Amino acid sequence: MSDVVTGVLAKVKADMPDLIGTNLRWSDALVTELIIAADRATRDKCEVHFAAQTITLADDTITYDLSQNFISIEKVEFALDGANYDWSLKSMSMSDLDSISRSWRTQRSARPDVYTLLSTPGVQDNGDGVVPSQIIIYPAMTTAGSATLLVTGVMVPAVGAYVADLVTPLPAAVMPEDVQAKCHVPFVKAILYAVESPTRAAEEWQNFLKGCEAERNRFRSQFTEFPARMGG
Amino acid sequence: MAEFSTYGDIVTTVYGMIRDTATSRRLASTDQIDIWANSLMSELAEHAGYMDLTVETTLTSGLGADISVAAGLGVMGITRVEIDDEAIEPISTRQLYANSRSWQEQTGEPRYYYMDSMRASTSDSVHFGLWPLAGASYDLRVVVNRASDELDYASPADKVMLPLWATPGLVWGILSKFYESESRMQNLKAAKFYRMLFEDMMTRLRVRSYSRLNLQKAYGQGRDTRFPSGDFRLLIPDAGIPIP
C-alpha cells in the first residue's frame, strides 16, 4: 500500500524511462494530474472505496447539501442523538413521495423515513451559490435537536488534501500496489500514448478496464446482489 | 497540485497535454477552449440529465399564461411543478380545449401545467403555462433539468458543475475537439481516442444520474429513479385496503 501519486509516478517512470521529469517529454506535474484522473476513474469503475458524510439536521429543514466527493450513495442512516445510527431511510423518487402524501414537503415528524436526491450525487457547487447536489428528507423534523444523518457511499478521496465535512477526513489517497499497477498505470500510459500511438493507447485502455474488473471481482464478488462484472 | 475541481485546473491540464500554455497560446486560444468546454457541458446535460435546479417564486393573481425558466447554458426540461408545496400534473392544450373552449379565461388554484403551444423555447429557457390562471397568490416551485453555468477562462476559480469523479472527462473532451480541429496539430485518431474516453465518462454519468437512488442498478439497464416506480404497493394504505 502506498500513496497513489508517489507510487504510480514511480511505476510509470520505470515503464517510460527518460520521458518523464524536468526538461523531458512530460513533466512530473502533468503526469501527477493524470494520476489523479486515473484514481478517480479507478474508484468509479471499481466501486469499492466507501466513506461517509455526517449531516447535522436543522429544525423545519428538508434539504441538505451533499459532499462533492460522492460517486454514488448506498445508504442513509439516522441518529436522534447524533451518535447511535439505529434507523435506515428508504430511497424514493419525489413522484413516489407524492403517492404517499401530496403535502410531503410540509409534513413534520420526530424521525425521517425516506430520502430523495436532487442532482446526481457529487455535482459541485459552482462557487456562486448554486448547489445542485442535495438530499431531501421526508418527513422533516420540527425540532431536530442533535439529530444527524450518516450518508454512506462510494467516494473519491481528496488527493493530497483533507475534506473537512466527512466523518473521518480522507487522507491522501492510498491504494494497494497491485491495483496501482493494474489500473492506474495503464490509464496514465493510455493518455500519454494517445497522440503518438492511438493503437497502443487503446491497448493500455483495455488493460485498465481488465484491471478494474479484476479488482472489482476481488472485493465485491462475495456480495451476490452486486454484479461482479462491469455491465453485468 | 490541481484537484480537477475548477475550470482553471481543467484548462491548465489541457495546455500541459498539448505542450502549450495559457500565456503563449501557440496552438489553441483560451476562447477556443471555452467554446469547446461549453459545447461539451451542454452535451453532458442533454445526454446525462445529471443536474436539477429548484426555482421558487411567488405567483401573483392573474399570472400563469407564460412562465419561463432560464439557467446557465440551458434548461433541458421540466421535471416537476408545485403550487403551495404540492405537485401539479402535466396536461396538453388539446385536452384543455376538449374540456372547455374558454379554458384560457378561467382562474383559480392552478392544477395543471402545459408546455405545448408555447412560444419556441430560446436556447437558455423553457416556457410553460398553468391552468387555471392564478386566482390569488401562490408559491410556485419548479424543478428543472439544467445545464452547467457557462465556463469562461476569465473566471478560472469557478468550480466545474460536475461530480468530482467526472471532471477529468472534460479534459478528454476538450482534447478530442483540439485534435479534431483544422490545424497543423490535427490528429483524427487521437481525437477519436479522446472522444471515446469522454463518451465513457458521459455514459457513466448518465447511469449514475438515472440510477441515483439505487446503487444496485448502477451497472444494469436501471430505470429512471426520478420518476414513479410503478410499485403498486406504495398506493396501498398502511391499514390495508378497506372492505366495502
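In chain B of this predicted model, residues B:G169, B:W172, B:G173, B:L175, B:S176, B:Y179 and B:E180 of helix α4(B) meet B:L188, B:A190, B:A191, B:Y194, B:R195, B:L197, B:F198 and B:M201 of helix α5(B). By class, this contact of α4(B) with α5(B) comprises 10 nonpolar, three polar and two charged residues. Helix α5(B) also packs with helix α2(B), at an angle of about 40°.

**Packing of α4(B) with α5(B)**

- Two packed helices are described by the angle between their axes and the distance between the axes.
- Helix α4 of chain B spans residues 168-180 and helix α5 of chain B spans residues 188-210; their axes come within 8 Å and cross at roughly 155°.
- Because angles over 145 degrees count as roughly antiparallel, α4(B) and α5(B) are roughly antiparallel to each other.
- The handedness of the crossing between α4(B) and α5(B) is left-handed.

**Packing of α2(B) with α5(B)**

- Helix α2 of chain B, residues 30-48, packs against α5(B) with the two axes 9 Å apart and an angle of about 40° between them.
- That angle makes α2(B) oblique to α5(B).
- In passing α5(B), helix α2(B) forms a right-handed crossing.
- From α2(B), the residues B:L44, B:H47 and B:A48 take part, and they meet B:M202, B:L205, B:R206 and B:S209 in α5(B).
- The contact of α2(B) with α5(B) has, by class, four nonpolar, two polar and one charged residues.

**Chain B overall**

- Chain B contains five helices and 10 strands.
- Of the 244 residues in chain B, 41% are buried.
- Among contacts in chain B with a separation of 6 or more, 69% are between residues 24 or more positions apart.

**Domains of the two chains**

- In chain B, domain 1 consists of residues 7-49 + 148-210, and domain 2 consists of residues 52-146.
- The C-alpha centres of domain 1 and domain 2 of chain B are 35 Å apart.
- Nine residues from domain 1 of chain B and six residues from domain 2 of chain B make up the contact between these domains.
- On the side of domain 1 of chain B that touches domain 2 of chain B, there are two nonpolar, four polar and three charged residues.
- For chain A, the domain assignment gives domain 1 as residues 1-6 + 17-46 and domain 2 as residues 50-155.
- A distance of 35 Å lies between the C-alpha centres of domain 1 and domain 2 of chain A.

- A:V12 is part of helix α1 of chain A, which runs over residues 4-15.
- A:V12 is buried, because 24 other C-beta atoms lie within 10 Å.
- Leaving aside residues up to four places away in sequence, A:V12 touches A:I20, A:V31, A:V185, A:V188 and A:K189.
- The C-alpha atoms of A:V12 and A:E213 are separated by 21 Å, and these residues are 201 residues apart along the chain.

**Backbone geometry**

- Most residues other than glycine have a negative phi, and most peptide bonds are trans.
- In chain A, the peptide bond from A:Y138 to A:P139 is cis, with omega near -15°.
- A:P139 is located in the loop between β8 (134-138) and β9 (140-141) of chain A.
- In chain B, B:W131 and B:P132 are joined by a cis peptide bond, for which omega is about -10°.
- The loop between β8 (125-131) and β9 (133-134) of chain B holds B:P132.
- A:S119, a residue other than glycine, has a positive phi, near 70°.
- A:S119 lies in the loop between β7 (114-118) and β8 of chain A, and it counts as buried because it has 24 C-beta neighbours inside 10 Å.
- B:R19, a residue other than glycine, has a positive phi, near 60°.
- B:R19 lies in the loop between α1 (7-17) and α2 of chain B, and it counts as partly exposed because it has 14 C-beta neighbours inside 10 Å.

How values were computed
Residues are numbered from 1 along each chain as its sequence is written. Chains are lettered from A and ligands numbered from 1 in the order in which they are written. This is a predicted model: local features need pLDDT of at least 70, side-chain atom pairs count only at pLDDT 80 or more; totals for chains, interfaces and linings use all residues. Axes are lines fitted to C-alpha atoms, for helices over the stretch in contact, and angles run from 0 to 180 degrees between N-to-C directions. Helices (H or I, at least four residues) and strands (E, at least two) are DSSP runs, numbered from the N terminus. Angles under 35 degrees count as roughly parallel, over 145 as roughly antiparallel, 65 to 115 as roughly perpendicular and the rest as oblique. A crossing is left-handed if the near helix is turned anticlockwise from the far one by less than a right angle, and right-handed if clockwise. Two residues are in contact if their C-beta atoms, placed from the backbone, lie within 7 Å. Ala, Val, Leu, Ile, Met, Phe, Trp, Tyr, Cys and Pro count as nonpolar, Asp, Glu, Lys and Arg as charged, and the others, Gly among them, as polar. Domain bounds come from an automatic or database domain assignment. A residue is buried if 20 or more other C-beta atoms lie within 10 Å of its own, exposed if 12 or fewer, and partly exposed in between; C-beta atoms are placed from the backbone.
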